[in-house]
Amino acid sequence: MINKTNTRRYSHVIIVGIDGMGVFCKNTPTPRIDEIFKDGASTTVALSLFPTISAQNWGAMLLGTEPEVHGLTNGKVCQYEYKNKDFPSIFKSVRRAYPESVLCSISNWEPINKGIIEQDINVEFQTAENGTKTTDKVVECILEKKPDLLFIHIDDPDEAGHHFGYGTQGHLDCISNVDSLVGRIYDACSQAEIIDDTLFLAITDHGGFKHGHGGYTDTEKFIFFALRGKTVAEKKDFFATTKDLNAIIRYAFGLDIPEPDLDGYSSQVPEGVFRDWNVPYIIPADGERNDVISKPQPELNSENGLLNYFDEKDIKLAMFFEFNADDAMGKASFKENGSVKYYSSGVRGANAELGATGCLVSDGVKFGSEDFTVCAWLNIDNAPASEAYYCATKTMTDSGAGFALGFTNVAVWLGVETPDPASYEEFQLPYLRELSGGWLHCAVVFRKKECKIDLYWNFKLKKSFTLPDTFAESSMDALPFTVGDDASHKINSGNDALIHMDDLLIFNKAFNESDIEKLKEYYE
């Protein structure tokens, strides 16, 4: 533990969460926010965590973990009550320490109240349909209850960003209106005569790009974060991430703050923000580069060839991209949709450039309901900031049974679905801890019979996912198999996403550790 003083520094903590504002507040008048935080700490270089999506980042704030650790997505928080005892919300932590405290959460988006905060700890929950009505409830709550901890969520800027486009005049006008709502909330604290003993914060979860978000472009990942209170130092452009809100609240209530662990609780108090806090902020170093030396592609039946390591019957597809789109096994043929280019700098021989300019489509690659494994080398030096897909049997915009595999410059994506549209599951795992550049070998093992997916990076197991039982018998073939995009052939071209990949291998079996070791030996 870092902090064992258990000295409560503030009687009240009030957080104004502004969905989808990013740092677009720099581009429009925000006089009340400017005035409130002028002598406090504020930054526009704090970071949203990947993916830049609401549940992942509000979850990170309230739980103090990376999104890949807490595992919450928009779909999960909309369907299930939050009951993960391993990672209690900040509300539960405060309740344990101060049983008589008044805890309130007032949100535009009800899933925050139900899907990220426990229901059995006597938190007063309220939901309102827009920012103005939320603020009306907030003002009433502050004046009547003077809450110890109050979390507020205003969704208006995110709705405006999706509708008008992020950074457009409609989005900016909405942010200026929210500025006045933040002023009303602050004024209520003054009227209730609690402001002098209140840590007052404003934070946003993510920004946006065009009409959406979820990738890691600058306009999506940078966020506004500001604090005002009696111990807050005047500090500009401090570094923080969304998950650090949790440690800040713990600091305010004098709660113990665990040592940061990226596989568990990892929230930290930003450096220089409080005058009485001098614990260094630990920024995890990026993983090592994985630069491979390009070697010639061995013939299938040679001493070093693929068939020397795996039986022919187990190989569904072997695309080596040797200046062509051939399946070396001769089992499938591909049609070129657009223009695909080839370069000589692959992991083995040449590699393919696909995506924005073109993709490859085959009617002859089917997966059915059997186990299978998809392996590919991905050049993450050329990975786009927003998501791009390297192979798929479904679209990422419409329902349909199948899978889509993708990546960005910070993470890999997996999307799977049965014929039931409500079954859609999506996973996004950052890889920067393990790898900061070069080539990434990604093996995705579909254990259909066990309803599990294993993900290997550079021949090491990264994570296993459990799927609902309905995946066991479901087909994965909504649309023809596509290489270099999702099965709509529109996502990568729409995002101008070019990707480089090599050696797309698909096996008619779920790989185990022994198979992974054989594949590693093949490449070594």
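## A buried strand and a helix pair

In this predicted model, strands β17 and β18 form a hairpin, with three residues lying between them. Strand β17 covers residues 402–407, and the two strands pair in the antiparallel sense over six bridges. Within this pairing, A404 stands opposite G415 of β18. Strand β18 is also joined by six bridges to strand β19 (residues 425–430), and these two strands run antiparallel as well; here L414 is found opposite F427 of β19.

| Partner of β18 | Residues of partner | Bridges | Sense |
|---|---|---|---|
| β17 | residues 402–407 | six bridges | antiparallel |
| β19 | residues 425–430 | six bridges | antiparallel |

How many of the seven residues of β18 are buried? Seven of the seven, in residues 411–417, are buried, so the strand is largely enclosed by the rest of the structure. In a regular strand the side chains alternate between the two faces of the sheet. In β18, A411, W413, G415 and E417 point one way, while V412, L414 and V416 point the other way, and all of them are buried.

Elsewhere, helix α8 (residues 156–164) packs against helix α9 (residues 169–191) at an angle of about 170°, with the axes 8 Å apart. Because angles over 145 degrees count as roughly antiparallel, α8 and α9 are therefore roughly antiparallel to each other. On the α8 side the contact is made by D156, P157, A160, G161 and F164, and on the α9 side by G170, H171, C174, I175 and V178. The residues of this contact between α8 and α9 comprise six nonpolar, three polar and one charged.

Terms used
Residues numbered from 1 in each chain as written. Predicted model: local features only at pLDDT ≥ 70, side-chain atom pairs only at ≥ 80, totals over all residues. Heavy atoms only, no water. Buried < 20%, exposed > 50% of the residue type's maximum accessible area, 1.4 Å probe, protein only. Helix = DSSP H or I, 4+ residues; strand = E, 2+ residues; numbered from the N terminus. Pairing = 2+ DSSP bridges. Axes fitted to C-alpha atoms, helices over the stretch in contact; angles between N-to-C directions. Parallel < 35°, antiparallel > 145°, perpendicular 65-115°, else oblique. Contact = heavy atoms within 4.5 Å. Nonpolar A, V, L, I, M, F, W, Y, C, P; charged D, E, K, R; others polar.
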